[in-house]
Amino acid sequence: MQHALLIVNPQSRNGQSEALNEAIDVLRRSGIEVDVCVSESASQMVSRIADYHQQDGVVIVAGGDGTISSALESVYESKQTLAIFPMGTANDLARSLGVPQDIIEAAQVIVDDKREKINLAKVNGKYFVNVAHVGLGVDVTHELTSETKKYFGVFAYLGAFISVFKRNKSFRVDIKADDWDCSLRAIHLAVGNGRYYGGGNIVDDDSTLLDGQLNLFCLKPQRWWQLLLLGANLRNGNLRTAERVICKTAKKISIETSKPRQLHADGEFKTDTPAEFEVIPKAIEVIVGDMPLPNIKKD
């Protein structure tokens, strides 16, 4: 690697200007020429990536999962190599890629230049890399504010979850996953492409960004204490044997709700239901650290 385009989201929670400067110095001392672009909007970032044609170059996105998600389509279509400085609240893609949360250590990962080609997911033509939600997950996103994320970090997700559960209502959903289908009432549905979501929760204990699969889980209506008992399972991705939970692995998934509902992915609004999901295996080359690679035992 000889050159890198570093795109910085100035609104990221962990501004860390001194640490960011030191991380840039780590890259430059290793012989990488770094072009820094402070992006004030998603459209500016997308345009800058599309115009980047440096041979042996890498696009480094400094921001959170939402910022990275906004860059995915441009990175994919321009066939760029992606690297990240995790500077958001949850930084779930960094976890899935084995990239340290400390951006100076993340810079060393970029210098080490270990690469993998990872899955990319699409929902109604919109790209995402971590997890897409309908139901509770969307309500949690609405509940979160930049102030709570700034001061409470990943713990803000817990407070938002408790708040929205009190007023959450179930909805009817029809699900098709490859050659399987069902219809049920649910309070939450998630389709995962990556391994982590919501500040370190695991989608499925076998999920990775390398398996070419989507992982769906759907929570049936339940009382607060039942959901509380599910807490450890939700955190660890061990839901396949849990009661009142539907889990499925597939390459293509479609969902239809009785009324259109918002669908968020990577912390951002993407589309409304009905929704069609698909996975694109080995879609994007990324620079990785020590990625979690569990034994894959799919149904």
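**Cavity lining and a helix pair**

Guide: Strand E13 (214–219) and strand E14 (245–250) each supply at least two residues of the lining of the largest cavity. Helices (H or I, at least four residues) and strands (E, at least two) are DSSP runs numbered from the N terminus. This is a predicted model: local features need pLDDT of at least 70, side-chain atom pairs pLDDT 80 or more, while totals for chains, interfaces and linings use all residues. Residues are numbered from 1 along each chain as its sequence is written, and side-chain values use heavy atoms, without hydrogens and water.

Visitor: How many cavities of 30 Å³ or more does the structure hold?

Guide: On a 1 Å grid over the protein atoms alone, a cavity is a set of points where a 1.4 Å probe fits but cannot get out; lining residues have an atom within 4 Å of a point. Here there is 1 cavity of 30 Å³ or more. The largest holds about 40 Å³ of space, the volume being that filled by probe spheres set on the points.

Visitor: Which strand gives the most to the lining?

Guide: E13 does, with 3 residues. Among the lining residues are Asn-215, Leu-216, Phe-217, Cys-247 and Lys-248.

Visitor: At what angle do the axes of H2 and H3 cross?

Guide: Axes are lines fitted to C-alpha atoms, for helices over the stretch in contact, with angles from 0 to 180 degrees between N-to-C directions. Helix H2 (residues 42–50) and helix H3 (residues 65–77) cross at roughly 35°, their axes coming within 9 Å. Contact (heavy atoms within 4.5 Å) involves residues including Met-45 and Ile-49 of H2 and Ala-71 and Val-75 of H3.

How values were computed:
1 Å grid on protein atoms, 1.4 Å probe; cavity = no way out; pocket = protein on both sides within 12 Å on 5 of 7 lines; lining within 4 Å.
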